[in-house]
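Thanks, everyone. Let me take you through the charged pairs, then a few backbone details. Please have the model up on your screens.

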Amino acid sequence: MSLSIVQSVLPGGVVEIAPRGEIDVDTAYEVREAVVEVLAKSRPARIELNMRLVTFIDSVGISAMVAGFQTAEVSGVKLVVTEPSRFVHRQLWVTGLLGLFGAPEPYFAGATAAPEPEVLPGA
């Protein structure tokens, strides 16, 4: 499977990088290059790496994310992961890197906010 990456500017000077597909030994460099490209054009308030549509990531992909984080940090820009797929969340947790990327909660397709608790009469 291939990897595609979409970049967009969000309100507040935030740039979102959204990879889709598999981040592995063949495609990991694209993630790091996307971060470098953003930093070459501007200094955003923050870079959000939206990992919702990433179906697989290996150790080389994780290394590319860390390299992107370090590149952003040297430039004075915070890089965080948003909406990691369950697979990505698990890999970041297992490697001990979840906190480095802002400790995001995993993305669950179709998830909605928890319903308000029902208040019973006399309670």
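Start with Arg 52 and Glu 83. They form a salt bridge, with the closest N and O atoms 3.2 Å apart. By salt bridge I mean a side-chain nitrogen of Lys or Arg within 4 Å of a carboxyl oxygen of Asp or Glu. Arg 52 sits in the loop between strand E3 (46-50) and strand E4 (53-57), and Glu 83 in the loop between strand E5 (78-82) and helix H3 (86-94), so this pair ties together parts that are 31 residues apart in sequence. Helices (H or I, at least four residues) and strands (E, at least two) are DSSP runs, numbered from the N terminus.

A word on the source. This is a predicted model: local features need pLDDT of at least 70, side-chain atom pairs count only at pLDDT 80 or more, and totals for chains, interfaces and linings use all residues. Residues are numbered from 1 along each chain as its sequence is written, and side-chain values use heavy atoms, with hydrogens and water left out.

Back to the pair. Are the partners buried or exposed? Arg 52 is partly exposed, at 32% relative accessible area. Glu 83 is partly exposed too, at 30%. The cut-offs: buried is under 20% relative accessible area, exposed is over 50%, partly exposed is in between (1.4 Å probe, protein chains only).

Stay with Glu 83. Its phi is near 45°, a positive value in a residue other than glycine. Most residues other than glycine have a negative phi.

In that E5 to H3 loop you also find Ser 85. Ser 85 is buried, with a relative accessible area of 9%. What does Ser 85 touch, not counting residues up to four places away in sequence? Met 51, Arg 52 and Val 54. Contact here means heavy atoms within 4.5 Å.

How many salt bridges does the rule give? Three. Another one joins Arg 46 to Glu 48, closest N and O atoms 2.5 Å apart. Arg 46 is partly exposed at 31%. Glu 48 is buried at 13%.

Then there is Lys 41 with Glu 37, at 3.3 Å between the closest N and O atoms. Both lie in helix H1 (residues 28-41), four residues apart, so about one helical turn separates them. Lys 41 is exposed, at 63%. Glu 37 is partly exposed, at 38%.

Ala 103 has a positive phi of about 50°, although it is not a glycine. Ala 103 lies in the segment after H3 and is partly exposed, at 45%.
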